[in-house]
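User: I have a model open and want to learn how to read its features. Can we go through them one at a time?

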Amino acid sequence: MTLDRRTLIASGLAASAMPALPVRAQVGAPKPWGATPSKRQLAWHRHEQYAFVHFSINTFTDKEWGFGDESPTLFNPTDFDPHQIVAAAKSANMRGIILTAKHHDGFCLWPTMLTEHCIRNSPYKNGKGDIVGELEQAARRAGLSFGVYLSPWDRNHPEYGRPAYIDYFRKQIVELCTRYGELFEFWFDGANGGDGYYGGARETRRIDAPSYYNWPSIIALVHQYQPMACTFDPLGAEIRWVGNEDGIAGDPCWPTMPNHPYVQSEGNSGVRGGALWWPAETNTSIRPGWFYHSDEDSKVRSPENLIRYFDTSVARGTNMHLNLPPDRRGRIPDQDAKILKSFGDAIRASFATDLTKGAVAHASSERGSAFAAAKVLDGNRETYWTTPDDVTTASLVLDLPPGRPFDLIRIREHLPLGIRVTKFAVDAEVGGTWQELAVHECISAQRIIRLPKPVTARRLQLRIVEGTACPAISEVALFRSVAPVPVPAIISSDPTILSTAAWRIVSASAPGAEKLLDNDAKTIWTAPAPTAGKPVVVTIDMGTEQSVAGFSLTPSRQVMDGASPPKGYMVEVSRDGRVWQPAGGGELPNIAYALSTQRLNFTGGARSVRYLRLSFAETAVPAATLAIAGISAFSRPR
Ligand code: FUL
Ligand code: CA
């Protein structure tokens, strides 16, 4: 039987559904409103920023998704340094690390006896290594929490799609839950089913995920061994996907969702008043791909870009989950490490001094001294300002010490009482006049408002404009932002990445195809979507005949309305632009969601060619327009 979440809760299997803290024993505290976080969810909210680490076979094959037939001997980091990885994450303020213990290709980074497709059969430490354990130990030593990603989809396992695989998958969960201390998060990827190696069958296997995995029982299994681990799951038990991989939460982004299967559009903004406390994790990668690729060395997010990501994740009450892919050495590339430190330094400096220190708080209404306005200034999340039950709109004023310009305003709702505030505004009294600084829906775990320029105010007012219950505000704080130290971008040091500088477009289905060649993923070529028998085609002249082993295609990183990357491709090559030969074709796996560069080797190895012709017969998702950000090529097969 497959349980839905409601049955699960009724059956008592989901301890997570219980309100976290017994609601404050203190007489007179308001009753919680709507869904509330569990104890483990509350602990998870406090993490705010943590790292994802994608490291596996794909690091060594230059792929984003492995097929499952890769030899374990390919996994061979030359200088794996868990302490360097942890230090880089910590320098960016990360409070935890989640490692891909097993990605879709099925290769296990821990020495399990459940399969031969694991690190025991790799050259790393002569098969005696344990990447999960080594990273876990390093994380703990640095005071960071640890979690694991375990792909439910396993393109290596012969029994995938059949009951025997579920047995294997559950045993993997138990191993990971019992060998590596306390886990703060257990990440189940939603990508599921499709073609794969499957023990040599090399076929397509589709599954009905809810009935195949029986998620309630999987989540109960995690909690049996790891009561404090929040599951990133498709069920509605603990943490939800924010609906994109760009690091952008909706504004507002409610931590509540309706009790029905995940809907992507709802995932981005959440649903006000939804029955489930199912908060969003806003994940993205510091590079275009999830795994390391040397042709992305010049495309690392800048510190300024990471600050914008902070503003669209943490500042909207969600948790930031930033992927840091180690390179083939097994270290965070030096450039990425510099950027992380610059970003982390800026965040630490920005939030170091609360400028409300010495301010005096008053409110239009208070529930008594235990819930006085001053509770928003005491630096204690457990105390809060609230009003009598029937007062759902109210205002709170801070008299500020003079001469303290601020441009960051941080407001926190007291989560154990649920989401009570629907809409709020912030005003400042400057030179004797009040001006409205911001209006938003949703405060939740926290709302950080960044002003376009610093304001020096005599008073600050928080106006609760709309609410479903009396507000419970645990903090109002003010800060002055510090900009990150810029880190200049680098050019890839890999000589097998060909320069597109001398390339030109010979012909294309739509104008503007030069945007494919400018090495800028922000400029995007679009063409009317292909129709049956009429593919979108682009022909490129590389200027001179040269040895080419394959090409790469970068989709638009921006989510574009009505546009989609191609579903698959066909490539032909020519020396003279007249006689053409096929050089490969196939699907572009995961392109619509991962939006990352695909590296496509020519069939039969490198060839001496001058012209490339690419055809796209279908869009990856239904759309009126086909969009591609870039094309480049390489001389060594990836
Ligand atoms: C996706 C996966 O398919 C990607 O490879 C990556 O692991 C990302 C975090 O989740 O669903
Ligand atoms: Ca407080």
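User: Is Cys442 buried or exposed, and what is its relative accessible area?

Analyst: A note before we start: this is a predicted model. Buried means under 20% relative accessible area. Cys442 has a relative accessible area of 2%, so Cys442 is buried. Cys442 lies in the loop between strand S18 (433-441) and strand S19 (447-455).

User: What is phi of Cys442 near?

Analyst: General idea first. Most residues other than glycine have a negative phi. Now the case here. Phi of Cys442 is near 80°, a positive value in a residue other than glycine. Ser444 also has a positive phi, near 60°. Ser444 lies in the loop between S18 and S19. With 0% relative accessibility, Ser444 counts as buried.

User: Next, peptide bonds. Which residues does a cis peptide bond join?

Analyst: Most peptide bonds are trans. Here a cis bond joins Asp251 and Pro252, with omega about 5°. Look for Pro252 in the loop between strand S8 (240-241) and strand S9 (256-257).

User: On to the ligand. Which residues surround ligand 1?

Analyst: Start with the shell. A residue belongs to it if one of its heavy atoms lies within 4 Å. Around ligand 1 you find Phe52, His54, Trp65, His103, His104 and Tyr149 among others. The shell also includes Trp187, Asp189, Ala191, Glu245, Trp290 and Asn590. By class, six residues of the shell are nonpolar, four are polar and two are charged.

User: How far is an oxygen atom of ligand 1 from the side chain of Asp189?

Analyst: Look for pairs of N or O atoms within 3.5 Å. For Asp189, a side-chain N or O atom is 2.7 Å from an oxygen atom of ligand 1. His103 has a polar side-chain atom 2.9 Å from a ligand 1 oxygen. For His104, a polar side-chain atom also lies 2.9 Å from an oxygen atom of ligand 1. Then check cover: on its own, ligand 1 has 300 Å² of accessible area, and the protein covers 94% of it.

User: Now the aromatic rings. How many aromatic pairs does a search of the whole structure find?

Analyst: A pair of aromatic rings is described by the distance of the centres and the angle of the planes. The search of the whole structure gives 32 aromatic pairs. Take Phe75 and Phe107. Their centres are 5.4 Å apart and their planes make 40°, a tilted pair. Phe75 is in the loop between helix H3 (57-61) and helix H4 (82-91), and Phe107 is in the loop between strand S2 (96-102) and helix H5 (131-141), so the pair ties together parts 32 residues apart in sequence. Both Phe75 and Phe107 are buried.

User: Why is the pair of Trp187 and Phe232 stacked?

Analyst: Planes under 30 degrees apart count as stacked. The planes of Trp187 and Phe232 are at 10°, with ring centres 3.8 Å apart, so this pair is stacked. Trp187 lies in strand S4 (residues 183-188) and Phe232 in strand S7 (residues 230-232), so the pair ties together parts 45 residues apart in sequence. Trp187 and Phe232 are both buried. Trp187 is also among the residues that surround ligand 1.

User: Which residues do ring pairs link into a cluster?

Analyst: Follow the pairs from ring to ring. The cluster holds Tyr160, Tyr165, Tyr168, Phe169, Phe186, Phe188, Tyr198, Tyr212, Tyr213 and Trp215.

User: What sits over the ring of Phe634?

Analyst: Check the charged end against the ring centre. The charged end of Arg638 sits over Phe634, 5.3 Å from the ring centre. Likewise, Arg613 lies over the face of Trp580, 4.3 Å from the ring centre.

User: One polar side chain to finish. With which side chain does Gln172 make a polar contact?

Analyst: Read place, cover and contact together. Gln172 is in helix H6 (residues 163-179). Its relative accessibility is 0%, so Gln172 counts as buried. The side chain of Gln172 makes a polar contact with the side chain of Lys102, at 3.0 Å.

User: And a strand residue for contrast. Where does Glu466 lie?

Analyst: Glu466 lies in strand S20 (residues 459-467). Its relative accessibility is 40%, so Glu466 counts as partly exposed. The C-alpha atoms of Glu466 and Phe424 are separated by 6.8 Å, with the two residues 42 apart along the chain.

Note on methods: Residues are numbered from 1 along each chain as its sequence is written. Chains are lettered from A and ligands numbered from 1 in the order in which they are written. This is a predicted model: local features need pLDDT of at least 70, side-chain atom pairs count only at pLDDT 80 or more; totals for chains, interfaces and linings use all residues. Side-chain values use heavy atoms; hydrogens and water are left out. A polar contact is a pair of N or O atoms within 3.5 Å; within protein, one must be able to donate a hydrogen and the other to accept it, and residues adjacent in sequence count only if both atoms are side-chain atoms. Accessible areas come from the Shrake-Rupley method with a 1.4 Å probe; for residues, only the protein chains shown count as cover. Ala, Val, Leu, Ile, Met, Phe, Trp, Tyr, Cys and Pro count as nonpolar, Asp, Glu, Lys and Arg as charged, and the others, Gly among them, as polar. Rings of Phe, Tyr and Trp (its six-membered ring) pair if their centres lie within 6.5 Å; planes under 30 degrees apart count as stacked, over 60 as edge-to-face and the rest as tilted. Helices (H or I, at least four residues) and strands (E, at least two) are DSSP runs, numbered from the N terminus. Buried means under 20% relative accessible area, exposed over 50%, partly exposed in between (1.4 Å probe, protein chains only). A charge sits over a ring if NZ of Lys or CZ of Arg is within 6 Å of the ring centre and within 35 degrees of the ring normal.
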